[in-house]
Amino acid sequence: MITLNIKNMGRFDNKVALITGSSQGIGAACAVRLASEGANIVLNGRHNDERVEAITKQITDMGREAKFVQADISDTNNVIQLVKDAIAAFGQLDILVNNAGVENNKNFWEVTQEDYDFVMNTNVKGLFFGTQTFVNYVKDAGRSGVVVNMSSVHEEIIFPHFAAYCASKGAVKMLMRNLATELAPLNIRINNVCPGAIATPINKKLMETPNLLNNVLKNIPMEKLGQPEDVAAVVAFLASDDAKYVTGSSYFVDGGLTYHYEEQ
Ligand code: NAI
Ligand code: BGC
């Protein structure tokens, strides 16, 4: 008989993970999941508030440590400093989860430069330079590293009225594929996780509008939204040595949304 107790698996014993945008939603679930398997965690957000306090408590109650670094990842200097502070927080950094992301629901013809910059600077530029800082650290320290990007089903499928968001996640797809080849000789793996519709604050309007929600559910073979924990489980796999031969791939966590088709 095989018994697996996730809490005792220790896949991340002696590891440190930085999860950007981890004060709520998918990022918070990733933080708690990695800590439950042994990692010490660097939490990040634009504000230090009661949500950070609650997640920190949940992690320390499990016997792991959590430290919070305040940073706005859409600002390049900020995100570079965030990664440096994360390395300094525990004296090492093994796992980078590029989770923070934003979206903007507007007709394409109404999108302003500010709207565009808000999405692209967070979802692409911040991720790009945060990853670069991590890679330079791993390279100079002669260590190994793992990067998991929170992409989206919209790195692959369309999302009308979210043009900048789709462009940003498409960019994250190609960046990840490119880096998988470039970083393999440095012992750094990089993969994308592509959630479908997950029950988090980013989908507040969707969850509070029954018509909209029903339309979305018709596109999901499993007929329900996913939970942040469903996404965190795949992040944990990719961040762990169980995925030691996995790089350059996208993992969809979407209840079947991306490739669904029915005639009736
Ligand atoms: P959320 O809105 O609940 O959480 C996003 C987190 O990122 C928040 O804590 C927010 O404060 C933080 N954040 C945003 N901009 C930031 C910045 N400039 N600097 C630092 N932190 C920042 O959303 P959710 O759903 O947890 O999203 C997390 C990631 O998952 C995003 O990249 C999103 O695009 C992606 N995703 C979410 C899906 C969903 O249905 N919830 C589906 C597909 C992808
Ligand atoms: C978006 C969500 C959306 C989901 C499925 C995600 O990338 O952030 O707002 O519900 O994709 O379309």
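Biologist: Where is Val 102 found?
Modeller: This is a predicted model, so every value here is computed. Strand 4 spans 95-98 and helix 5 spans 113-141. Val 102 sits in the loop between strand 4 and helix 5.

Biologist: Is Val 102 buried or exposed?
Modeller: The cut-off for buried is under 20% relative accessible area. Val 102 has 12% relative accessibility, so Val 102 counts as buried.

Biologist: Which residues does Val 102 touch, leaving out residues up to four places away in sequence?
Modeller: Take Asn 123 to start with. Val 102 and Asn 123 are 21 residues apart in sequence, yet their C-alpha atoms are 6.8 Å apart in space. With residues up to four places away in sequence not counted, Val 102 touches Phe 118, Val 119, Thr 122, Asn 123 and Tyr 165.

Biologist: Asn 104 next. Is Asn 104 buried or exposed?
Modeller: Asn 104 is also found in the loop between strand 4 and helix 5. Buried means under 20% relative accessible area. Asn 104 has a relative accessible area of 19%, so Asn 104 is buried.

Biologist: With which side chain does the side chain of Asn 104 make a polar contact?
Modeller: Leaving out residues up to four places away in sequence, Asn 104 touches Asp 115, Phe 118, Val 119, His 161 and Phe 162. A polar contact at 3.5 Å joins the side chain of Asn 104 to the side chain of Asp 115.

Biologist: What separates the C-alpha atoms of Val 138 and Val 124?
Modeller: Val 138 lies in helix 5. Val 138 has a relative accessible area of 0%, so Val 138 is buried. Val 138 and Val 124 are 14 residues apart along the chain. Their C-alpha atoms are separated by 21 Å.

Biologist: With which residues is Val 138 in contact, beyond its neighbours within four places in sequence?
Modeller: Neighbours within four places are set aside here. That leaves Arg 143, Ser 144, Gly 145, Leu 186 and Ile 188.

Biologist: On to the rings. Is the pair of Phe 128 and Phe 129 stacked or tilted?
Modeller: The structure holds six aromatic pairs. In the pair of Phe 128 and Phe 129, the ring centres are 4.9 Å apart. Stacked needs planes under 30 degrees apart, and edge-to-face needs over 60. The planes of Phe 128 and Phe 129 are at 55°, so the pair is tilted.

Biologist: What is the angle between the planes of Phe 159 and Phe 162?
Modeller: Phe 159 and Phe 162 form a stacked aromatic pair. Centre to centre, the distance is 3.8 Å. The angle between the planes is 5°.

Biologist: Which residues form one aromatic cluster?
Modeller: The stacked pair is part of this cluster, and a Tyr belongs to it too. The members are Phe 159, Phe 162 and Tyr 165.

Biologist: Now ligand 1. How much of its area does the protein bury?
Modeller: 29 residues surround ligand 1; the closest are Asp 72, Asn 99, Tyr 165, Gly 196 and Thr 200. A nitrogen atom of ligand 1 is 2.8 Å from an N or O atom in the side chain of Asp 72. An oxygen atom of ligand 1 lies 2.5 Å from a polar side-chain atom of Thr 200. Taken alone, ligand 1 exposes 820 Å², and the protein buries 94%.

Biologist: How many residues in the shell around ligand 1 are charged?
Modeller: By class, 12 residues of this shell are nonpolar and 14 are polar. The charged residues number three.

Conventions. Residues numbered from 1 in each chain as written. Chains lettered and ligands numbered in written order. Predicted model: local features only at pLDDT ≥ 70, side-chain atom pairs only at ≥ 80, totals over all residues. Heavy atoms only, no water. Helix = DSSP H or I, 4+ residues; strand = E, 2+ residues; numbered from the N terminus. Buried < 20%, exposed > 50% of the residue type's maximum accessible area, 1.4 Å probe, protein only. Contact = heavy atoms within 4.5 Å. Phe/Tyr/Trp six-rings, centres within 6.5 Å; stacked < 30°, edge-to-face > 60°. Near = heavy atom within 4 Å. Polar contact = N/O pair within 3.5 Å; in protein donor to acceptor, adjacent residues only side chain to side chain. Areas by Shrake-Rupley, 256 points an atom, 1.4 Å probe, with all protein chains shown as cover. Nonpolar A, V, L, I, M, F, W, Y, C, P; charged D, E, K, R; others polar.
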